[in-house]
Amino acid sequence: MSSRLITPSIAEFPQFLKSIESRWGLKLKRRFERECLVASKERSVSEKQNKPARYILSMFPYPSGRLHLGHVRIYTSGDILTRYSKLMSKNENQLVDYGSVIHPMGFDSFGLPAENAAKERNLHPVVWTNSNIRTMKQQLDQLAVQFEWREATSNPSFYKWTQKIFLELMRAGLVYKSFAQVNWDPVDKTVLADEQVDEEGRSWRSGALVEKRYYRQWFVKVNAFTKDIYGAKDVDADTWLDILAIQRNWIGKPSGWLFYLPVDSTKSHTKDILPVFTTKPELFHAPTTELVISKSHWLSEMLEGSEINNPFTNQPLQVTRSDDLDSLPQNTKATLICGDNHQHGAGTELTREQILLQANLNNLGGYYTSDKYRDWLISRQRFWGTPIPVVNCDNCGYCGVPDDQLPVVLPNIKNLSTKSGQTQHDEDKFKVVAPIEELAPPEWLETNCPSCGSNSRRECETFDTLFDSSWYFLRYASEPTNDQPFDKNRTQPVWCYIGGKEHASMHLFYARFITHFLHSLGMIDFREPFRSLLVQGVVKSRTYKLNGRYISKSEATSLTNKKGLVVEYEKMSKSKGNGIDPQELLDTYGVDATRFCLMSYANPRSERLWRTSEEEFKDVLIFLRRVTLTVQDYVDVGVNLVHKDNKATIKVKNLDKEDLKLRQMTLSDTRNKCSIDVIFNIQETNQFRQYISTMHVLTTALRNNVKTSAIYTKEFAEALASLIIMLNPVTPHLSEELWYHFSKAVINPLKLDTTSSYKMCLQASDQAWPAPDHDYGRSHCVRPNVQI
């Protein structure tokens with residue numbers, strides 16, 4: 001530890017910050033690791049006192065191998081809330097409703113990018129994925145984010161429970177297999193994601209024209225809960241307002257009922273499921289009712305004849321094909337009409353209520369929903385994903401794997417180019433071969449039916465990665481165990497969930513669905529997964545386009561004729577040449593300055609417009625140096641006083657009694673106001689830019705008094721102590737260094753003050769959060785929701 005604090009010039013200040021980080025980094029990391037070891041016991045005690053943990057969670061990343069600036073912004077936001085909450089819980093004057101803080105993290109580690117990367121490198125995806133996880137963990141550790149690490153979704157100990165949740169959906173009758181269109185590459189003989197098909201409809205890998213094929217896939221009946229999800233009675237309207245609007249627009253306002261009709265298949269021994277939407281369920285019992293489907297509907301090609309069975313009457317139901325897509329529901333392209341010019345519903349023998357009751361009893365649906373939202377297609381023709389725990393039996397159909405046989409792990413293969421030789425490709429347009437079917441050895445593919453014991457074959461598809469992420473926050477809420485997906489007694493809604501707005505219509509929606517479903521089973525005590533959302537705006541930087549083509553900044557600068565050059569802010573992207581590598585910022589300016597910079601110029605919900613690094617860090621370094629200089633001056637005044645140094649660089653002006661009292665009152669009032677504003681801006685509104693601006697105000701008040709005799713007062717010491725602790729969530733290393741010197745300052749009156757909430761023998765991260773004086777709120781107008 002440096003014996004003396006010496007503030008360098010602006011040019012040397014980044015290196016000064018990095019030297020502080022090298023002194024404190026490992027020490028703080030080890031301290032946090034010790035804290036995690038005792039965290040579980042502390043949480044048990046606080047829970048017994050009816051004080052649950054405050055659960056803060058940032059959306060976990062896909063392990064691409066490198067962090068981007070958006071990651072850094074999101075995870076710094078979560079870390080600020082975490083460190084603040086821990087410090088606030090130590091303040092005895094603040095009424096907090098939590099006993100501890102949870103801030104977990106893992107990786108959303110299944111998915112197509114890893115599979116493609118592994119193919120290109122002739123590796124197993126697990127090798128590529130685990131290597132990237134190690135790299136990104138190191139980067140996050142360097143960023144000084146306090147994460148309690150959890151399993152990645154590709155860990156069998158995690159996806160065992162993903163499979164268990166699927167089986168619960170299956171037992172509840174909320175899973176079915178039916179046809180959906182896929183993109184088929186006729187050269188590579190594989191299914192492509194939409195993003196793998198270019199604008200000309202060609203495969204990104206083979207260049208072949210992609211074919212649209214109908215293929216049986218797994219669906220979840222999300223529509224069973226869309227009425228409640230659309231209503232959102234348990235949602236915090238303030239933070240969910242924009243997200244709810246996006247979700248409601250996506251799923252549509254409920255306006256009718258969705259039914260699921262079993263259809264005999266000529267291609268399989270199992271029945272296919274036909275979703276049908278209608279605004280008049282009673283038509284199922286009308287004598288002249290017809291089923292109308294689009295001509296492009298899969299049933300048009302599968303159906304031999306023009307009738308299917310009506311499960312409500314057990315009589316044939318006439319099927320009519322139509323070109324009028326506008327008259328058909330968007331989600332099903334299938335509905336009911338009354339034929340022969342009969343009045344809608346005329347001559348029906350059963351009421352609407354009776355039809356809905358019959359549908360419920362026979363697992364035929366009858367869900368009140370919109371004509372817009374399709375059920376969730378969760379199966380993927382991929383290798384690198386959670387295996388769907390189902391076997392296909394010729395006698396029993398699709399059967400779920402017994403719970404005691406979970407997890408169904410991926411087959412053991414060397415790499416993705418090794419074929420088993422078990423599968424033959426054919427040109428059947430209803431046949432698509434999943435990679436596992438080609439790669440897995442016979443001993444993995446062949447098994448026994450859990451129901452009848454006969455020879456059966458395993459399902460070879462894997463889950464959409466959105467299914468993995470739809471429930472991970474429940475397991476992350478407590479330490480993982482091997483005997484249950486999550487601890488019901490400790491699992492709770494996330495207090496603040498942090499991530500991008502682009503996930504509103506998929507991840508956030510599916511997370512709400514799974515939580516509603518698990519609540520209906522009694523597995524959890526709440527219906528909504530996230531109490532509040534901190535939705536992050538994207539980080540943008542300048543792009544340079546010449547006649548529609550992206551060029552680099554250096555190319556743009558060297559142009560003699562700038563006609564046709566367009567300069568604008570766009571989301572950072574490698575392809576646009578406007579990405580910023582966070583590692584370069586950390587190497588140049590240090591961790592604390594980078595964290596502070598990303599929080600300074602825009603609140604999290606706003607877009608962050610990134611200028612040049614020099615422009616971004618200029619004011620950041622000036623402010624952090626100003627704070628450091630204030631602490632140095634405070635220490636040096638004491639040293640000069642002891643040694644009676646007449647040549648001291650700081651000459652302290654003695655104030656008269658009235659002036660001193662006025663300055664003391666001003667310092668105290670500024671500290672109290674800033675304490676209230678910072679609490680409000682961090683906890684209530686998550687406006688971190690305002691939080692930082694408030695620290696500027698307090699710093700100015702201190703600088704105005706640093707050369708006066710007010711520097712000797714308790715009011716000055718309390719204001720400076722508050723500033724240093726306020727810095728801790730965003731600049732943890734600098735805060736510790738400044739606290740170390742402040743706590744040992746000769747003129748510091750708090751060292752002997754037993755009434756102070758600050759303890760000079762402890763580190764900055766062990767102090768209580770600066771709160772306004774207990775009696776301050778009685779005589780001043782305070783922020784709403786800030787308890788004094």
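## Ground rules

Residue numbers start from 1 along each chain as its sequence is written. Because the model is predicted, local features need pLDDT of at least 70 and side-chain atom pairs count only at pLDDT 80 or more, while totals for chains, interfaces and linings use all residues; side-chain values use heavy atoms, without hydrogens and water.

## The domains

An automatic or database domain assignment divides the protein into domain 1 (1-46 + 606-787), domain 2 (49-166 + 465-536), domain 3 (253-341 + 349-369) and domain 4 (540-605). Between the C-alpha centres of domain 1 and domain 4 the distance is 33 Å.

## Where domains 1 and 4 meet

In domain 1, 36 residues are in contact (heavy atoms within 4.5 Å) with 28 residues of domain 4. Together the two domains bury about 3100 Å², with 58% of it on carbon and sulfur atoms; buried area is the accessible area (1.4 Å probe) that two parts lose on being put together, summed over both.

## Salt bridge and domain 1 surface

The interface holds 1 salt bridge, defined as a side-chain nitrogen of Lys or Arg within 4 Å of a carboxyl oxygen of Asp or Glu. Glu-607 pairs with Lys-540 in a salt bridge whose closest N and O atoms are 2.9 Å apart.

On the side of domain 1 that touches domain 4, the elements giving two or more residues are helix H1 (13-48), strand E27 (608-610), helix H18 (613-643), helix H20 (688-703) and helix H22 (732-743). Helices (H or I, at least four residues) and strands (E, at least two) are DSSP runs, numbered from the N terminus. H18 supplies the largest share, 10 residues.
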